[in-house]
Amino acid sequence: MKKLIKLTGCLALAAIMGLSSCVKTEIAPEVAQIRQAQVSKLNAEIQQILANTTRTTVETRQLRMMTTFDSLMRAFTLKQNAASFAGFQGHIDLQVQQELVLLEGQKLLYAQAVAAYDKFINEGTFAANVASYLTSYNTANSELITLYGSRVTKTAALEKEKLLLVAVTGGNLSWDVIKERLEYDLSLNEAKLAFMNSALADLQSVLADPSITGALKADLENQVFDLNSQWDSLTTVSTKATAELTAIGSKITAYNALITVYDALVADTVTKLSTIATKNTAITNANTALVPLNTDLALKNANLTADKNDNTAAMTAYNAKLALYNTAVTNDNNALDLVASKTVLKTIADNNLAADPTNPTLIAAATAATALTNASTAQGLTATALTSATTAKDAALQVVVGIAGTFTVPVNPSTLYSLNQSQIAVTGFANPLTAPSPTSAQGLVNAQLVIISDANDDIAVAEAAIAADIVKIEANQANYDIAMEEIVTLDEAKAPLQALVTNTTLALAVNVASKTELNSVITILATEVTTIETAISGKVTAIRALELTIAGQEKSIADNAIDKAAAEATIVKLEAELADLNIQITDKEALVAYWKKMLDNEIAAQSR
């Protein structure tokens, strides 16, 4: 089941408390103008969402489904075989499955419309009656979808009962055909019973007056001769009618082959349409699932962007401090080198002064000492500058990685640590070049996008297959139409021939039964009286057994009539229930339209 629409904001308060906690206030004309534009945008959005949920669309699908059932019933009636029976049942189930899938999609669209209304209401300031109208509209929509689904299943149940009425034994026999066969067997047994009673009467006459044996035997033999002549005539008629039926059957078989090809193409198209409906539902569900996932991903990407900017700024500051540090290192090294060179020169001057303490060496030594002092003072300044640069560089590095002095694995708090965590929140990994994990924000979005992409690929394949089927259907349409028309004509021609074959077959069976009884009497007449008495006793027993068989067949015929009447009563009941459902649907459709109109009008009025 789909989750229920969550009512939030003013709508939730109105539903829970029954109070209007969102009070409408007077708004400026320019604000009202903006709100009216927003209302127009809302109406356009709702209209687009509900484009495929109109009463006309649903009724068209219902009519198309019933038309398909009628066509399949006609085809089955012409074929009357187990394969077409199973095929018809399969078509019914497929049609129901397809329509229920479409209704599930329609339910989702209604939910999206209610969600759009709910979002709009919560972004504005509306009185509690708007929330009440939306609740009533949502409830009426849900009840309408339920009624639509009930009508589909009820229609399918009705069609299956109609099918069973004409194919009660697994697609081979109808109630009427069963009745005809029972009546055939009954007629034959009744004729046999008459012959047996006549034979019993003849045997009893001979037992009472043996002198009539010769005359009776001659009469019975003449009857057998006449029956043999009748057999030849009946066989001729039956053979001719059977040959004509066989020829018609061959033509019907050939036409049925054309119909089977056409039906298979139509069935494949219906299957592909069901696939498309299922895939469209999958796309709709995936798009719905993407809404919160994309929101979450967008938020995490925004955090990632902000952390990237922070880290870039921190790295820029660090690199600037690093450059100053490197300059300070160079300056201090240069100062140290100068101090070292001045120290060497002073040492030389001091040595010269010691060796030759004259005025020139004294001046040179004093000059070297001054130069060394100046170099040392300068180096002290560069050392101080280096210390400051080092402190600034370490402070900048600590902002980046959380540790001063060395560029290492970042710790919290630091900009690089935050950047890595934001990247992990998006893809599941700190390295942005690593493919997203399935459970990450990006991975979850990608999974839904794959569902949509795969579903679109499947739809494209199904649509291509449908297009190919349609080409073949159009190519076979003329042959199909001819086959359907010719089969009806052939079926009409077959009916009287079938009746003739049935009647002659019954007559031949009666002929055989009559001759059997006559010959049995003729044979018995040539025996002793005691044999005749035994034959009479056996004949009485056989007559009683046959009478019981006939009674059972009469009961079967009566039961068949009762069963057929019960099946017809079930159909009448289902038709009445379906008619009642249509009335309920009409009323509910009007109620949905009413609550939508009330909702739209109130939103427009309160947005002025």
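Modeller: Helices here are DSSP runs of H or I with at least four residues, strands are DSSP runs of E with at least two, and both are numbered from the N terminus. This is a predicted model: local features need pLDDT of at least 70, side-chain atom pairs count only at pLDDT 80 or more, and totals for chains, interfaces and linings use all residues. Residues are numbered from 1 along each chain as its sequence is written, and side-chain values use heavy atoms, with hydrogens and water left out.

Colleague: How many helices and strands does the protein have?

Modeller: Read along the sequence, the pattern is α-α-α-α-α-α-α-α-α-α-α. The secondary structure comes to 11 helices and zero strands.

Colleague: What percentage of the residues in the protein is buried?

Modeller: Buried means under 20% relative accessible area, exposed means over 50%, and partly exposed is in between, with a 1.4 Å probe and protein chains only. The protein has 608 residues, and the buried share is 35%.

Colleague: Are α7 and α8 roughly parallel or roughly antiparallel?

Modeller: Axes are lines fitted to C-alpha atoms, for helices over the stretch in contact, and angles run from 0 to 180 degrees between N-to-C directions. Under 35 degrees counts as roughly parallel, over 145 as roughly antiparallel, 65 to 115 as roughly perpendicular and the rest as oblique. The axes of α7 (residues 213–355) and α8 come within 7 Å and cross at roughly 165°. That makes the two helices roughly antiparallel.

Colleague: Is the crossing of α7 and α8 left-handed or right-handed?

Modeller: Left-handed means that the near helix is turned anticlockwise from the far one by less than a right angle, and right-handed means clockwise. The crossing of α7 and α8 is left-handed.

Colleague: How many charged residues are in the contact of α7 with α10?

Modeller: Contact means heavy atoms within 4.5 Å. Asp, Glu, Lys and Arg count as charged, Ala, Val, Leu, Ile, Met, Phe, Trp, Tyr, Cys and Pro as nonpolar, and the others, Gly among them, as polar. α7 and α10 (residues 441–525) pack at about 170° with their axes 1 Å apart, and they are therefore roughly antiparallel. Their contact has 56 nonpolar and 23 polar residues, and the number of charged ones is 17.

Colleague: Which residues of α9 make the contact with α8?

Modeller: α8 (residues 359–401) and α9 (residues 415–427) pack at an angle of about 15°, with axes 3 Å apart. That makes α8 roughly parallel to α9. The contact has five nonpolar residues, one polar and no charged. α8 brings V399, V400 and V401, and α9 brings T415, L416 and Y417.

Colleague: Which peptide bond is cis?

Modeller: Most peptide bonds are trans. P413 lies in the loop between α8 and α9. With omega near 0°, the cis bond runs from N412 to P413.

Colleague: How far is T415 from T312 in space, C-alpha to C-alpha?

Modeller: T415 lies in α9 and is buried, with a relative accessible area of 14%. Leaving aside neighbours within four places in sequence, T415 is in contact with D310, N311, A314, V399 and V400. T415 and T312 are 103 residues apart in sequence, yet in space the distance is 8.6 Å.

Colleague: Is T427 buried or exposed?

Modeller: T427 is found in α9. Beyond its neighbours within four places in sequence, T427 touches A435, P436, S437 and S440. At 7% relative accessibility, T427 counts as buried.

Colleague: Is D337 buried or exposed?

Modeller: D337 sits in α7. D337 and A375 are 38 residues apart in sequence and 9.3 Å apart in space, C-alpha to C-alpha. At 52% relative accessibility, D337 counts as exposed.
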